[in-house]
Amino acid sequence: MTLYYTLVFMLLMAEMGLFVFLIIPLPFAMRRKMFTFISENPFVAKLQYWLKITFVFILILFIDSVNRVYRVQVELAAAAENNGGNSRGAAIMGHERLEVQARKFYSQRNMYLCGFTLFLSLILNRTYIMILEVLRLEERVKQYEGTEKNTKQAEKLAMAGEPGEIARLRKALALKEQDFENLKKQSAGLHREYDSLSEKYAQSQEDGTPKKLK
């Protein structure tokens, strides 16, 4: 197995472990903290970004493996047709047949490996969203019953969405606040300049002689 297919296999194992971890029954408070952490942690957001790029490359590998399987099937069919229409692969004898069968096996293995990795990524994303919706519904039930006292955790859970979303929202809010502070400083500078020009204009009117404003 080549290096990139080994990495795909490791990613598949990691996805399987994460899926098992998500479906393990845990107490509500612990699960809420876990999902809040996933939504707050900026490292998770960066990891998700790089995983999206990785899945694009895995999709390319999947398409390439499907193409290889198709070419092997065509090669076997053509060889069988050229040798009197025998059963598939039977006309290729000895070393050549073993080589073609080996290429077919490896191509199918790579196709299944990439396909299951992509499919499990979609399942993980959907499972995460469904569990998050269930937690929000449980949170609302607890609020209606008056048994929920941790309002901060409830607010964080309400804001949670994609992994790292709260971290991204906080970063965007910090940028907006910084822009607002810059506008306040610019506004204060313009106001001081306006007051200075107004004072100079008032002095020129009191003296009766127009003065050049600087």
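# Reading a predicted helical model

Q: Is cysteine 114 buried or exposed?
A: Buried means under 20% relative accessible area, exposed means over 50%, and partly exposed lies in between (1.4 Å probe, protein chains only). Cysteine 114 has a relative accessible area of 0%, so it is buried.

Q: What kind of model is this?
A: This is a predicted model, in which local features need pLDDT of at least 70 and side-chain atom pairs count only at pLDDT 80 or more, while totals for chains, interfaces and linings use all residues. Residues are numbered from 1 along each chain as its sequence is written, and side-chain values use heavy atoms, with hydrogens and water left out.

Q: Which residues does cysteine 114 touch?
A: A contact means heavy atoms within 4.5 Å. Leaving aside residues up to four places away in sequence, cysteine 114 touches Tyr5, Val8, Ile58, Leu61 and Phe62. Cysteine 114 itself sits in helix 4 (residues 94–145). Serine 65 is 49 residues from cysteine 114 in sequence, and the two are 8.5 Å apart in space, C-alpha to C-alpha.

Q: How many helices and strands does the protein have?
A: Helices (H or I, at least four residues) and strands (E, at least two) are DSSP runs, numbered from the N terminus. The protein has six helices and zero strands, in the order α-α-α-α-α-α from the N terminus on.

Q: How many residues does helix 1 have, and what does it reach from its first C-alpha to its last?
A: The expected span of a helix is 1.5 Å times one less than its number of residues. Helix 1 (residues 3–23) has 21 residues and reaches 31 Å, close to the 30 Å expected.

Q: Which residues of helix 1 are buried?
A: They are Tyr5, Val8, Leu11, Leu12, Glu15 and Leu22.

Q: How many aromatic pairs are found in the whole structure?
A: A pair of aromatic rings is described by the distance of the centres and the angle of the planes. Rings of Phe, Tyr and Trp (its six-membered ring) pair if their centres lie within 6.5 Å; planes under 30 degrees apart count as stacked, over 60 as edge-to-face and the rest as tilted. The search finds three aromatic pairs. One of them joins tyrosine 4 and tyrosine 5, with ring centres 5.0 Å apart and planes at 50 degrees, so the pair is tilted. Tyrosine 4 is partly exposed at 45% relative accessibility, whereas tyrosine 5 is buried at 6%. Tyrosine 49 and tryptophan 50 form an edge-to-face pair, at 5.6 Å centre to centre and 75 degrees between the planes. Tryptophan 50 has a relative accessible area of 55% and is exposed.

Q: Which side chains meet in a salt bridge?
A: A salt bridge is a side-chain nitrogen of Lys or Arg within 4 Å of a carboxyl oxygen of Asp or Glu. The whole structure has one salt bridge. Aspartate 64 and arginine 68 form it, at 2.9 Å, N to O. These residues are four apart in helix 3 (residues 42–82), so about one helical turn separates them. Aspartate 64 is partly exposed at 29%, and arginine 68 is partly exposed at 41%.
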